[in-house]
Amino acid sequence: MQGIERYMSICIHRGNADGIKAVAELLISGEVVALPTETVYGLAANALDEESVRRIFEIKMRPLIDPLIVHFYDLNQLEKIAFIPPEAITLAEHFWPGALTIVLNKRPIVPDLVTASRETVAVRMPAKPEMREVLNRCGLYLAAPSANPFGYVSPTSAQHVVDSLGDRLDAVLDGGPCEFGLESTIINLSHPESPSILRKGPIAAESLEEVLGREVAQESSVLDSEMRKSGLIAPGTLSKHYSPRTQIQLQPNGFNALRDKLDCEAIVLFQRPTEIPHQNKQFYWLSETGNLAEAGKNLFKLLRNLDKKGLQKVSIEMAPAGGLGDTINDRLIRAAAKS
Ligand code: TXA
Ligand code: MG
């Protein structure tokens, strides 16, 4: 059929009307498909259908204690799945559709499998037009974690999905590269009087504080603490959540690649250098001009490319601190964590 490419067992649907119609039908019939969002690609299925949701966990090889984000099209749909405090409306009006996930107290209709039996559900109205079209067309709530095998780097293009899940998945909708390339910011509003950030993302804590008009605390992610408690992952290893196979040594922002002697095969700089140092190493950079948004967008692609090259040791310069730089550094620290 025109517009569809088959690779291994997976169909790559173009992000046009035909592709959107095809994946919407697959979702309605209970299938799991990978979809583009402005953050990263998600592995989506009907959130209210337990069997479909179970397939997400199987395909991703994800432990059942790690809950999923539920995506939806229109704010009117939210009430059916969650209790909505006024603070959530305030954030929704400013940041949705967009890269913000809000944790709210859930309604009974949401299957326990989605929330890992928690009393809360994470919800997001994504902005990417192709994703919105799919949500509108299928009319479903879509549970979707990032479309990578559990513990690996999130995908920021359809090709990344094919590379790591192509033999386990039937379909991906190709919406081109993700605009942010970093997973959404997660804010916990289950106790709206004391909001907290569970995961840093494209939307900075300061922006949330400004809009909410109150302080937003920083918590370690629910997954981190749950996994440790359950003994599934030993303390300290969870940080490996985003890890590529290549061993990463982090360097402070502004380190001197000309002078510092590093034991590695490649160096990733934050910004393109004015001259490539004469060293027997490969050089890469996250951004041409030192632009944080560009660096964020490139980060996961670069980590995946380094893995493909089979490099053993790579040094990566951290982003300058503050705003999106903190989010990039959060992902770098996780990628560099040793098991
Ligand atoms: O940008 C994103 O958020 C992407 C796109 C596809 O939407 N999704 C994503 O999903 O990154 P995932 O599953 O890879 O990460 C979601 C995180 C997990 O760490 C999970 O533990 C946390 O959200 N989470 C989900 N439900 C939660 C809940 N009820 N309470 C606290 N944390 C929750
Ligand atoms: Mg993920």
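This is a predicted model: local features need pLDDT of at least 70, side-chain atom pairs count only at pLDDT 80 or more; totals for chains, interfaces and linings use all residues.

Residues are numbered from 1 along each chain as its sequence is written, chains are lettered from A and ligands numbered from 1 in the order in which they are written, and side-chain values use heavy atoms, with hydrogens and water left out.

**The site of ligand 1**

- Around ligand 1 there are 24 residues, of which Thr39, Asp66, His71, Ser184 and Arg199 come nearest, where a residue is near a molecule or strand if one of its heavy atoms lies within 4 Å of it.
- By class, this shell holds 13 nonpolar, six polar and five charged residues; Ala, Val, Leu, Ile, Met, Phe, Trp, Tyr, Cys and Pro count as nonpolar, Asp, Glu, Lys and Arg as charged, and the others, Gly among them, as polar.
- β5 (69–71), β7 (120–124), β11 (196–199) and α8 (222–230) each supply at least two residues of the shell, and the largest share, four residues, comes from β7; helices (H or I, at least four residues) and strands (E, at least two) are DSSP runs, numbered from the N terminus.
- Oxygen atoms of ligand 1 lie 2.7 Å from a polar side-chain atom of Asp66, 2.9 Å from an N or O atom in the side chain of Ser146, and 3.2 Å from a polar side-chain atom of Arg124.
- The protein covers 96% of the 680 Å² of accessible area that ligand 1 has on its own, a value that comes from the Shrake-Rupley method with a 1.4 Å probe.

- An open sheet of four strands has the order β13-β16-β14-β15, with parallel pairing, and two strands pair if DSSP finds at least two bridges between them.
- Because β13 (247–251) and β15 (282–287) stand at the edges with a single partner strand each, one side of each is left without a neighbour in the sheet.
- From one strand to the next the twist averages 25°; axes are lines fitted to C-alpha atoms, for helices over the stretch in contact, and angles run from 0 to 180 degrees between N-to-C directions.
- β13 and β16 (residues 313–317) run parallel and are joined by five bridges, with Gln251 standing opposite Glu317 in β16.
- Helix α9 (residues 292–308) lies across β13, β14 (266–271), β15 and β16, running at about 140° to β15, where contact means heavy atoms within 4.5 Å.
- Helix α10 (residues 324–336) also packs on the sheet, touching β13 and β16, and its direction makes about 135° with that of β13.

**Pairings of β9**

- Strand β2 (residues 10–14) runs parallel to β9 (residues 171–174) and is joined to it by four bridges, with Ile12 opposite Val172.
- Strand β3 (residues 33–35) pairs with β9 in the parallel sense over two bridges, and there the bridge partner of Ala34 is Val172.

**Backbone details in loops**

- The peptide bond from Trp96 to Pro97 is cis, with omega near -5°, and Pro97 is found in the loop between α3 (86–95) and β6 (100–105).
- Met61, although not a glycine, has a positive phi of about 60°, and Met61 is found in the loop between α2 (50–60) and β5.

How values were computed
A polar contact is a pair of N or O atoms within 3.5 Å; within protein, one must be able to donate a hydrogen and the other to accept it, and residues adjacent in sequence count only if both atoms are side-chain atoms.
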